[in-house]
Amino acid sequence: MGLTDGIYTVLVTGANGQLGGELTRWQEPGVRIVGCDRKRLDVTDLRQCRDVLAEVRPDAIIHAAAYTAVDKAEAEPDEAYRVNAGGTRNLALASSELGIPMCYVSTDYVFDGTSCEPYNEYDNTNPKSIYGKSKRAGETLLQALNPKGFIVRTSWVYGAYGANFVKTMLRLGVEKAAVNVVHDQVGSPTYTYDLSRFLLELVRTEAYGIYHASNAGTCSWYEFAKAIYEEAGMNVQTSPCSTADFPRPAPRPAYSVMDRSAIRWNGLTDLRPWREALREYLKRTVAES
């Protein structure tokens with residue numbers, strides 16, 4: 001594997017996605033990132049999974065490719081399961097055959113959102129949406145097929161690459177003087193830069209298991225939107241509304257805050273407060289624009 005030349009090689013699936021885009025541009029001495037988009041590695045093709053892993057021989061895999069169209073999944077469950085469950089099974093099997101550790105990026109949607117306290121890593125899951133169920137199926141398959149497995153559940157992801165809530169709010173703030181944002185869904189935003197740094201630290205350990213990884217602290221979508229405008233210096237009237245005001249095909253967890261206890265147990269670097277991360281993201285966006 002890559003360590004024979006002193007370089008730690010990490011294969012990243014979903015290279016064109018939000019998280020994959022961040023990871024494939026990562027610069028760190030001693031680390032080589034091999035990004036694979038769907039053209040290079042279709043995870044739903046077991047033979048292709050085996051061939052690419054045999055060619056690259058990575059020291060670890062970060063599986064960020066996923067079917068993420070939450071509402072669309074309700075109408076096409078077969079496709080959601082084909083990618084999120086079947087694709088993860090293929091990669092787990094192929095990586096296990098070569099003894100390669102695999103990190104599967106999962107979601108807060110595996111929980112039903114009825115709790116009033118943060119979910120820990122070993123609380124019972126109870127996904128309500130097809131997306132959440134298909135991602136939970138991927139977790140189960142990795143656990144069954146590769147003993148060197150990491151499962152990392154994250155939430156409310158945003159970053160420099162792809163569409164996300166922060167970009168949407170910034171665009172609406174330019175187009176409109178006022179916006180209404182849901183206040184009865186509470187969770188934790190996650191900046192892809194911070195998540196990437198954590199994942200790359202994690203896969204270089206042997207502390208296999210389930211992890212929750214989001215930026216520290218909690219907020220509602222409404223509070224998140226207000227913070228975006230405050231940090232960006234935009235004068236946009238932001239008003240709270242309820243989930244019922246914006247009905248969607250897929251149910252959302254009302255409360256999806258996750259406790260990051262496994263990070264603490266294993267002495268890993270926790271993610272910083274969400275507002276601090278948001279502030280840096282906005283500065284980075286301005287600097288690169």
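**Note on the predicted model**

1. T154 is buried, with a relative accessible area of 5%; buried means under 20% relative accessible area, exposed over 50%, and partly exposed in between, with a 1.4 Å probe and protein chains only. The residue sits in strand β5, strands being DSSP runs of E with at least two residues and helices runs of H or I with at least four, both numbered from the N terminus. Leaving out residues up to four places away in sequence, T154 touches V105, S106, T107, D108, T190, L195, A213 and M258, where contact means heavy atoms within 4.5 Å.

2. On the basis of the values: this is a predicted model, in which local features need pLDDT of at least 70 and side-chain atom pairs count only at pLDDT 80 or more, while totals for chains, interfaces and linings use all residues. Residues are numbered from 1 along each chain as its sequence is written, and side-chain values use heavy atoms, with hydrogens and water left out.

3. The largest nonpolar core has 27 residues, and V10, I62, V152, F198, L199, V203 and Y211 touch the most other members. Here a nonpolar core is a set of buried Ala, Val, Leu, Ile, Met, Phe, Trp, Tyr and Cys residues joined through side-chain atoms within 4.5 Å. At least two residues of this core come from each of β1 (8–13), α1 (18–24), β2 (31–36), β3 (60–63), β4 (102–107), β5 (149–154), α7 (192–202) and α9 (261–265). Helix α7 gives the largest share, five residues. Another core lies apart from this one and has 24 residues, including V166, Y222, A227 and Y281.

4. What does V152 touch, leaving aside its neighbours within four places in sequence? The contacts of V152 are C103, Y104, V105, S106, L195, F198, L199, L202, Y211 and A213.

5. The structure holds 18 salt bridges, a salt bridge being a side-chain nitrogen of Lys or Arg within 4 Å of a carboxyl oxygen of Asp or Glu. In one of them R204 pairs with E28 at 3.0 Å, N to O. This pair links distant parts of the chain, 176 residues apart: R204 is in the loop between α7 and β10 (209–212), and E28 is in the loop between α1 and β2. Both ends are partly exposed, R204 with a relative accessible area of 37% and E28 with 26%.

6. E139 and R153 form a salt bridge through their side chains, at 2.8 Å from N to O.

7. R279 is partly exposed at 36% relative accessible area, and E231 is partly exposed at 25%.

8. Helix α2 (residues 46–56) packs on helix α4 (residues 77–97) at an angle of about 40 degrees, with the axes 9 Å apart. Axes are lines fitted to C-alpha atoms, for helices over the stretch in contact, and angles run from 0 to 180 degrees between N-to-C directions. On the α2 side the contact is made by L46, C49, R50 and L53, and on the α4 side by N90, L91, L93, A94, S95 and E97.

9. G20 lies in helix α1 and counts as buried, at 1% relative accessibility. Its contacts, not counting residues up to four places away in sequence, are V12, G14, A15 and A64.

10. Two backbone values deserve a look. Most residues other than glycine have a negative phi. R57, not a glycine, has a positive phi of about 50 degrees; R57 is in the loop between α2 and β3 and is partly exposed, with a relative accessible area of 34%. W156 also has a positive phi, near 50 degrees. W156 is placed in the loop between β5 and β6 (157–158) and counts as buried, at 11% relative accessibility.
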